[in-house]
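Let's read a structure together, one feature at a time. Have the model open as you go.

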Amino acid sequence: MEDAVAVALRQWRKVLPDADLDTIAVIGRLNRCTALLHQAADAPLGRAGVNRAEYDVLCALLRVGGELTPGRLARETFASGAAVTKRVRRLEELGLVARRVDDRDRRVAHLSLTEQGRKFIMRLVPEQLEYETALLEGLPAEKERELAGLLAELLLMLEGRLGGTLG
């Protein structure tokens with residue numbers, strides 16, 4: 001049985017027989033896995049009324065703790081400042097995130113979870129983790145750890161070359 005990238009590689013080899021297509025085997029599969037995992041992993045989030053990006057903001061506020069500036073939140077979630085602003089605005093409307101203006105510099109905002117937001121994310125994280133664990137259920141634990149190690153190496157290499165932040 002072939003995955004979608006193997007089929008595409010076979011087609012590319014007919015069109016470009018002398019080209020080195022090994023990177024398609026890696027990057028193509030990473031992109032395909034990412035798309036499928038986002039589509040599948042967003043199911044519990046959708047039922048809870050948030051998307052993956054909003055969930056990432058709530059998780060960052062929970063795991064880092066305390067108040068974060070929008071800039072720090074952007075770094076924690078690998079998002080642009082504009083994207084964080086949009087996500088925080090929606091989460092404020094839902095009553096999950098609060099914004100406090102800095103006493104010394106009114107241009108600076110401090111973001112935190114509301115009590116409702118803390119309860120919400122504490123309920124959602126275990127459900128999401130259980131769901132994501134089920135997605136990888138067919139992969140033996142040893143292979144999962146090996147894959148995690150290989151992806152960590154790739155991520156470190158790419159962060160070194162491309163920088164650690166996106167957006």
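The dialogue below goes from domains to the core and then to a helix pair.

Q: What kind of model is this, and how are residues numbered?
A: This is a predicted model, where local features need pLDDT of at least 70, side-chain atom pairs count only at pLDDT 80 or more, and totals for chains, interfaces and linings use all residues. Residues are numbered from 1 along each chain as its sequence is written, and side-chain values use heavy atoms, leaving out hydrogens and water.

Q: How is the protein chain divided into domains?
A: Domain bounds come from an automatic or database domain assignment. Here they give domain 1 (1-39) and domain 2 (47-136), with C-alpha centres 34 Å apart.

Q: Which residues touch the most other members of the largest nonpolar core?
A: In soluble globular proteins, nonpolar side chains tend to be buried together. A nonpolar core is a set of buried (under 20% relative accessible area, 1.4 Å probe, protein chains only) Ala, Val, Leu, Ile, Met, Phe, Trp, Tyr and Cys residues joined through side-chain atoms within 4.5 Å. Among the 24 residues here, the answer is Tyr55, Leu58, Leu61 and Leu73. Helix 3 supplies the largest share, six residues; helices are DSSP runs of H or I, at least four residues, numbered from the N terminus.

Q: How do helix 3 and helix 5 pack?
A: Axes are lines fitted to C-alpha atoms over the stretch in contact (heavy atoms within 4.5 Å), and angles run from 0 to 180 degrees between N-to-C directions. This pair packs at about 80°, axes 10 Å apart, so helix 3 and helix 5 are roughly perpendicular (65 to 115 degrees). Ala53, Glu54, Val57 and Leu58 of helix 3 meet Arg87, Val88, Arg90 and Leu91 of helix 5 in this contact.

Note on methods
Buried means under 20% relative accessible area, exposed over 50%, partly exposed in between (1.4 Å probe, protein chains only). Helices (H or I, at least four residues) and strands (E, at least two) are DSSP runs, numbered from the N terminus. Angles under 35 degrees count as roughly parallel, over 145 as roughly antiparallel, 65 to 115 as roughly perpendicular and the rest as oblique.
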